[in-house]
Amino acid sequence: MKHSVLLLPAGPRLAGPRLAGMVLAGLLTACVPTGPADLEAVQQQNIRVVRQLEAGLNRQDWAGVARLYAERVRYKGPHTRYREVEQTPGQVVAAYRGYHLEITQLYAAYEHHVVVEGQLSHGPPQPVCLIYTIENGRITRQFTY
């Protein structure tokens, strides 16, 4: 992030707590990141998408799970040897058939991302970290570690 410094000349015209307060307020608001006014609502919607994914996966509702993904999905995980590839929702879902997901933590990461910590099991449970990018209510990118 680039920061700028404001230098004011000294003198009686610029002295006073009112001007100092205005300058300080201006500097503080310049450092605040901008984003959607309803960021919290967007984050809650993204978390709902991930919860729907968890429920559908555990019910083995493959058609319902596939509907949560965009037409094309950027995917990276063990099934691609951790190379990022573009896949269809069906290809992503096929990689998780028969698995059970237990989410232990969810983190909304600004406007488009949700980070998931949990256990993925198809036999003995294994720890998993999933990073989802969600745009317009659909998963557009999934990284699995």
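The largest cavity is lined by 13 residues, and those nearest its centre are L53, L57, Y96, Y132 and Q142. The structure is a predicted model, and the search of the whole of it finds one cavity of 30 Å³ or more. The volume of the largest cavity is about 110 Å³. Two or more residues of its lining come from each of α2 (39-59), α4 (89-94) and β5. The largest share, three residues, is given by β5. Sorted by class, the lining has twelve nonpolar residues, one polar residue and no charged residues.

Strand β5 (residues 126-135) runs antiparallel to β6, and six bridges join them. The two strands form a hairpin with two residues between them. In the turn, N136 has a positive phi of about 55°.

Strand β6 also pairs with strand β1 (residues 69-76), here in the parallel sense and over four bridges. One of the residues involved is K76, whose bridge partner in β6 is F143. How enclosed is strand β6 by the rest of the structure? Five of the seven residues of β6 (residues 138-144) are buried, that is, under 20% relative accessible area, so the strand is largely enclosed. As a general rule, in a regular strand the side chains alternate between the two faces of the sheet.

Strand β5 also takes part in an open space. The largest pocket has a volume of about 230 Å³. It is lined by 14 residues, and P78, Y99, L120, Q126 and P127 are the closest to its centre. The elements giving two or more residues to this lining are β4 (113-121) and β5. With three residues, β5 gives the most. By class, the lining of the largest pocket has nine nonpolar and five polar residues, and no charged ones.

The loop between β1 and β2 (85-87) holds R81, and Y82 is found in this loop too. Most residues other than glycine have a negative phi. Y82 is not a glycine either, and its phi is positive at about 60°. Y82 has a relative accessibility of 43%, so it counts as partly exposed.

The last point is how far the model can be read. The mean pLDDT of the protein is 83, and 74% of its residues reach 70 or more. Over residues 19-24 the pLDDT is below 50, and this stretch has three contacts in the model beyond near neighbours in sequence. Residues 27-31 also have a pLDDT that stays under 50, and for them the model has two contacts beyond four places in sequence. Where pLDDT is low, the predicted coordinates should not be read in detail.

Notes. Residues are numbered from 1 along each chain as its sequence is written. This is a predicted model: local features need pLDDT of at least 70, side-chain atom pairs count only at pLDDT 80 or more; totals for chains, interfaces and linings use all residues. Side-chain values use heavy atoms; hydrogens and water are left out. Buried means under 20% relative accessible area, exposed over 50%, partly exposed in between (1.4 Å probe, protein chains only). Two strands pair if DSSP finds at least two bridges between them. On a 1 Å grid over the protein atoms alone, a cavity is a set of points where a 1.4 Å probe fits but cannot get out, and a pocket is an open set with protein on both sides within 12 Å along at least five of seven lines; lining residues have an atom within 4 Å of a point. Grid points are joined across faces, edges and corners, and a volume is the space filled by probe spheres set on the points. Ala, Val, Leu, Ile, Met, Phe, Trp, Tyr, Cys and Pro count as nonpolar, Asp, Glu, Lys and Arg as charged, and the others, Gly among them, as polar. pLDDT is the predictor's confidence in each residue, from 0 to 100. Contact means heavy atoms within 4.5 Å.
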